[in-house]
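Dear colleague,

Please find below the structure that I am handing over to you. My notes on what was found in it follow directly after.

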Amino acid sequence: MTDDDVINDLNAMPVNIRAREFLEGSGKEVRDDSLYCAQAALFALECGLVEAESDVVETLNAMFSWRPQRIVNFLMLMYIEEYDPPRWKDASGIKEFAEAILDDIEEKMVTHFPYYRTPES
């Protein structure tokens, strides 16, 4: 399976189809070489619709340069498992959608980077 196949499979998931709809509805050009949900979260950040901690923004930006398999590993997806972050289905607009994606990225950071959140942070 090629990197393009992996990205295409990820972008065919319902969460990414919804992200594409939000992006297109906002007039934002959609790129097929990266996750639509990441593009939607970045767009919302750039427009000032949402805010996130700098570490979360750095991780989101880094995701655009990651190999697709690294994205799959980071999102903790197994084989045919769908990416299904909490609250994305309830989002009525790109702001709520982006908040759900950013919250999920931060949650994954806590799992993958044990020292990301320490008791004093």
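**Findings**

Arg-87 is found in the loop between H5 and H6. Please bear in mind that the model is a predicted one. The phi angle of Arg-87 is near 75°, a positive value in a residue other than glycine. Most residues other than glycine have a negative phi. With a relative accessible area of 44%, Arg-87 is partly exposed.

Met-76 is found in the loop between helix H5 (68-74) and H6. Although Met-76 is not a glycine, its phi is positive, at about 60°. Met-76 is partly exposed, its relative accessible area being 37%.

Helix H6 covers residues 94-112, and Ala-98 is found in it. Is Ala-98 buried or exposed? Ala-98 counts as buried because its relative accessibility is 0%, and the cut-off for a buried residue is under 20%. Leaving aside neighbours within four places in sequence, Ala-98 is in contact with Ala-40, Ala-41, Ala-44 and Val-50. Phe-22 lies 76 residues from Ala-98 along the chain, and the C-alpha atoms of the two are separated by 9.9 Å.

How many disulfides does a search of the whole structure find? The search finds 0 disulfides. Cys-37 is in none, and the nearest cysteine sulfur to its own, that of Cys-47, is 17 Å away. Cys-47 is likewise in no disulfide. Cys-37 counts as buried, at 3% relative accessibility, whereas Cys-47 counts as partly exposed, at 44%.

Yours sincerely

How values were computed
Residues numbered from 1 in each chain as written. Predicted model: local features only at pLDDT ≥ 70, side-chain atom pairs only at ≥ 80, totals over all residues. Heavy atoms only, no water. Helix = DSSP H or I, 4+ residues; strand = E, 2+ residues; numbered from the N terminus. Buried < 20%, exposed > 50% of the residue type's maximum accessible area, 1.4 Å probe, protein only. Contact = heavy atoms within 4.5 Å. Disulfide = S-S within 2.5 Å.
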